Structures are given as structure tokens and as C-alpha cells.
Amino acid sequence: MLTTVIAGRVWDFSHAVGRNAASGNGFAQPAGLALAPNRIAYVVSRGNENNFGSRVSKLFIGAPGEEELQAEFARYGTDEGRATWPNSVALDSQGNVYLSDEWLNRISVFDGDGNYIKSWGKSGSGQGELSGASGLAFDQNDNLYVVDSRNGRVQVFSKDGDFQSSFGSQGSGQGEFDTPWGITIDDAGSVYVADWKNNRVQKFSSDGTFQMQFGSAGELNRPSDIAVDPDGDVYVCDWGNHRVRVYDPEGEALASLVGDAQELAKWAQQAVDANPDMVKMRRRANLEPEWRFLYPTGVDFDAEQSRLIVTDNQRGRIQIYIKDSHYTEPQANL
């Protein structure tokens, strides 16, 4: 077990899930993810160079080796129920799945099993219109916050797509954005936005009032997503630096997780075992780079299981860490 330790906290690497695959037991450039109760995860695959691997995968993620693909939906296309350049998913209070599409600038809605319900959204820069719909997050009142990336703002809609409000504008000052991407809302209702080209995460009140920022240019390189755990610790996908940066609630940097998948995920190991030549090639190779994140893109915290789940975009998998927030070192003089 590989462990990252700081005062009062420890993150134990658990295991990886998935492999590079256009369908089935794996992912194709996984990006956003959302967690449901009972160890269910929804993971967005953005697809290969032609996007034919794009989809949403619903899977059960238990202990190491206990994973099951349950459904795939929103495959590549422009028709209703399909996606061209999917980005993020979020779940409403009824367990329905909302999927953003950066290319089509629409939000598609599915039930928890992936059955299509409806879609809404219109391209443009006016009130309620979208250009580069990316990160999604629901608040406790079932309002959907949508990162309107190319318009440099966050817009708030009802879950039926009715415009409520917006905040942010293009720029680099407090409360301004340059190609924002991921978003999350903590238990207190504060909103965190990954300000991608400004190399920071900004924190706002629920009405869009700026509160503080995490990271800066030189520390973060194109942050893509954020998660906040019940202790208030903030996890930032530091996309360009191939790591997840961890901050305390006051914005102090605590640790970096760089990926620790020394063992292949179950589905990846099955694929290797089926190819004897691949087994021999891997014996000759330096596998350490494979352990590490390569453009981690999405992150979420599973409070039920106290675990951090990260989409490892170019590795076609997710990596999982277990957090112990009550860690103490043994006394050396005992």
C-alpha cells in the first residue's frame, strides 16, 4: 500500500479501475464523473480522436477487484440521447443524470439506468445561452450550476433548464474567468470553479460573490476539476502537472497525489493475461511511468466510503485513494 501522510490526515492508495477501451470494461479519455449512493459511479469518456469512444459508463466500484459495468449510454452522435463532445455529469436529488456537451451546447438528462429523458440548451452568449458547456454541479435546492466555458461565466438553471442567474466574466481578476472548466459545491453551499487558463481555483458564495482562491500560476498548470470532502479539504486536478493538489480549507497546500497504480486494474490485467506476448513485453519495460497520473481530469470524493476517485485521462482508468482524517503518528518514546 502506498501512503501519503501529513499532520492529521493520510491517503492510502487503494486500486485502479478500467483500461483504455472504446467500450466495455474501460474508458476512452475519461473526464468528468459523479458519484451516487451505494458505490455507484458515472464516468464520462470523451472518446478517441474521432470521438467514437464517447459515452457515459455506470459502474459499481467496491473493494479492489469488486467492480462491475452496469450500463453505457450517451454514445457518440448528435441525435437526442447522444453526445458529440461530452464533458461532465451531475446527479439531481432524484438520481437523474445530467450530461454536458461542449460541442452541442446542450444538457441531456437520463434516468439512473441511462434511459434518455430530455435535453435543453441553446448555443450563444446571451442570458441562458451556452458556449462550451462543461462542468456541472447541483446545489441542495436542485439548481444546476453550469460552467459556460467560452463565455467565461457560470450560469444557474433549474433542473428543467430555466435560467436563474449567472456570475463571472472574461478576465483574470477576482471573480473573472479564462476558460473555466470544472465545478463543485460543498456542503455549506460554496461554489468552487476551476479557472483553467488562469491556473487557479476560485471559491464563491452561492450567489457568485468571490470569497478566495486556491493556487496560482507556477503552482497549478491548467486545473480541470475540484472536489471538497466533508472535512473541507479541497482536491484540485492539476491537469498539466499530472497530479492532484490537496489544500486545506484556508487554501494552504498540503500534499500532492501523483498516481500510485503499481498493479494493473482488474480489467486491464485480464486483457494483458490474454496476450502472452504482452506479458513478455511488460517484463522488459520500465513500468513506473504507468503508475502515475497522465493528465488527471476529473475528481470526486465519496463521503460514504471516505475515498477520493480520480479520472486518469490518458491512462483510460480511474485511481482511488482512501482517506483517514483522524491519523496520528505513534509516539517514538513508548
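Contact here means heavy atoms within 4.5 Å.

Quick note on the source: this is a predicted model, where local features need pLDDT of at least 70 and side-chain atom pairs count only at pLDDT 80 or more, while totals for chains, interfaces and linings use all residues. Residues are numbered from 1 along each chain as its sequence is written, and side-chain values use heavy atoms, with hydrogens and water left out.

Back to Tyr235. In the largest nonpolar core, which has 20 residues, Tyr235 is one of those touching the most other members, along with Trp11, Val244, Leu257 and Leu308. By nonpolar core I mean a set of buried Ala, Val, Leu, Ile, Met, Phe, Trp, Tyr and Cys residues joined through side-chain atoms within 4.5 Å; buried is under 20% relative accessible area, exposed over 50%, partly exposed in between, with a 1.4 Å probe and protein chains only. The elements giving two or more residues to this core include strand 2, strand 20 (234-238) and strand 24. Strand 2 gives the most, three residues. Helices (H or I, at least four residues) and strands (E, at least two) are DSSP runs, numbered from the N terminus.

There's also a second, separate core of 14 residues, with Ile40, Val56, Ala74 and Leu99 among them.

Not counting residues up to four places away in sequence, Lys58 touches Ile40, Ala41, Tyr42, Glu68, Leu69, Gln70, Ala71, Gly112 and Asp113. Ile40 is 18 residues apart from Lys58 along the chain, and their C-alpha atoms are separated by 7.1 Å.

On to helix 1, residues 266-273. Its buried residues are Trp267, Ala268 and Val272.

Last stop, a lining. Which residues line the largest cavity? They are Leu35, Ala36, Arg39, Ile40, Ala41, Ile61, Asp302, Arg307 and Ile309. A cavity is a set of points on a 1 Å grid over the protein atoms alone where a 1.4 Å probe fits but cannot get out, and lining residues have an atom within 4 Å of a point.

Note on methods:
1 Å grid on protein atoms, 1.4 Å probe; cavity = no way out; pocket = protein on both sides within 12 Å on 5 of 7 lines; lining within 4 Å.
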